[in-house]
Amino acid sequence: MTINLNEMSRKELEKLRKDVDKALKSIEGRELKMAQEAAAKAAAEYGFTLADLSSLPGAKRAASTKSAPKYRNPNDATQTWTGKGRQPDWFKTAIAAGTDPSTLEI
């Protein structure tokens, strides 16, 4: 099947994109199920379940939720910091200049 994208209208291209996205989601779901079944079969050969394997140290954990920002740069409202981890430069600069951290809180 050969498609000449240059001869298609915008409407046709958008429909094609929507159809491709739908097909990719469908395939991804099928492949994910197949991978899960293959992993379960491989684990079963050694007498384990997938749950047994996921509890091992170093096993990939579900993504944790992102913390809400606690501080905001007064000079650039798009720059925020949760108060966890390394301090951003704008925060360090403000503190060094004598700004009270509580004035930067959101």
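Student: Where is G83 found?
Tutor: G83 is in the loop between β2 (76-81) and α3 (89-96). Helices (H or I, at least four residues) and strands (E, at least two) are DSSP runs, numbered from the N terminus.

Student: And where do these numbers come from?
Tutor: Residues are numbered from 1 along each chain as its sequence is written. This is a predicted model, where local features need pLDDT of at least 70 and side-chain atom pairs count only at pLDDT 80 or more, totals for chains, interfaces and linings use all residues, and side-chain values use heavy atoms, with hydrogens and water left out.

Student: Back to G83. Buried, exposed or partly exposed?
Tutor: G83 counts as partly exposed, because its relative accessibility is 35%. Buried means under 20% relative accessible area, exposed means over 50%, and partly exposed is in between (1.4 Å probe, protein chains only).

Student: How far apart are the C-alpha atoms of G83 and L50?
Tutor: They are separated by 36 Å. Along the chain, G83 and L50 are 33 residues apart.

Student: What about T82? Which loop is that in?
Tutor: T82 sits in the loop between β2 and α3. T82 is partly exposed, because its relative accessible area is 25%.

Student: What does T82 touch, not counting residues up to four places away in sequence?
Tutor: T82 touches S67, A68, P69 and K70. Contact means heavy atoms within 4.5 Å.

Student: Which backbone nitrogen lies 3.2 Å from a polar atom of the T82 side chain?
Tutor: That is the backbone nitrogen of K84.

Student: And how far is T82 from K41 in space?
Tutor: 42 Å, C-alpha to C-alpha. In sequence, T82 and K41 are 41 residues apart.

Student: You listed A68. Where is A68 found?
Tutor: A68 is in the loop between α2 (50-54) and β1. A68 counts as exposed, because its relative accessibility is 58%. From A68 to L56 is 12 residues in sequence and 30 Å in space, C-alpha to C-alpha.

Student: New topic: N73. Buried or exposed?
Tutor: N73 counts as buried, because its relative accessibility is 8%. N73 is found in strand β1 (residues 71-73).

Student: Which residues is N73 in contact with, leaving aside neighbours within four places in sequence?
Tutor: Q79 and W90. The side chains of N73 and Q79 are joined by a polar contact of 2.5 Å. A polar contact is a pair of N or O atoms within 3.5 Å; within protein, one must be able to donate a hydrogen and the other to accept it, and residues adjacent in sequence count only if both atoms are side-chain atoms.

Student: Which backbone nitrogen lies 2.9 Å from a polar atom of the N73 side chain?
Tutor: The backbone nitrogen of N75.

Student: Now I106. Where is that?
Tutor: I106 is in the segment after α3. I106 is exposed, because its relative accessible area is 54%.

Student: What is I106 in contact with, leaving aside neighbours within four places in sequence?
Tutor: P69, K70, Y71, R72 and T80.

Student: Let's zoom out. How many helices and strands does the protein chain have?
Tutor: Three helices and two strands. Along the sequence, the pattern is α-α-β-β-α.

Student: What radius of gyration does the chain have?
Tutor: The protein chain has 25 Å, but a compact globule of 106 residues would have a value near 13 Å. The radius is taken over C-alpha atoms, and the globule rule is 2.2 Å times the number of residues to the power 0.38.

Student: What percentage of the residues count as buried?
Tutor: 9% of the 106 residues.
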